[in-house]
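Me: Hi! Could you walk me through this structure?
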Amino acid sequence: MTHPFDGVRPRHAICHHCGYQFGGLEIQGGEITCPECGRTTRFELVSRADELTRLRRRIRRRRRIVGGLAVLTLVVLLLLLLP
Ligand SMILES: [Zn+2]
């Protein structure tokens, strides 16, 4: 089955894994295999709303991780400082 993007050469696409700039490599089977790291980046149609939702979810996840680390650091400090 062919993918709707097959044959397309995106100019500004970058590798999802290492950030390598594909610079016009051709999409085959809906993906480009990175010449730098060898992993594949998949291309699909995404609406702007979906993209924003995904971005917000990622930001929320990062905040939770940072918050968790802050609490953990505080607990470790308290344990170290208590007699
Ligand atoms: Zn790569």
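Reply: Happy to! One term to begin with: the radius of gyration is taken over C-alpha atoms, and the globule rule is 2.2 Å times the number of residues to the power 0.38. For 83 residues a compact globule would have a radius of gyration near 12 Å, but the protein chain has 20 Å.

Me: And what box do the C-alpha atoms fill?
Reply: Along the principal axes, the box is roughly 65 × 30 × 25 Å.

Me: Where does the model come from, and how are residues numbered?
Reply: It is a predicted model, where local features need pLDDT of at least 70, side-chain atom pairs count only at pLDDT 80 or more, and totals for chains, interfaces and linings use all residues. Residues are numbered from 1 along each chain as its sequence is written.

Me: Which element has the lowest confidence?
Reply: Helix α1 (residues 48-81), at a mean of 93, while strand β1 (residues 31-33) is highest at 95.

Me: Switching topic, how is the chain divided into domains?
Reply: Into domain 1 (1-45) and domain 2 (47-83), with bounds from an automatic or database domain assignment. Their centres, taken over C-alpha atoms, are 31 Å apart.

Notes
pLDDT = per-residue confidence, 0-100. Helix = DSSP H or I, 4+ residues; strand = E, 2+ residues; numbered from the N terminus.
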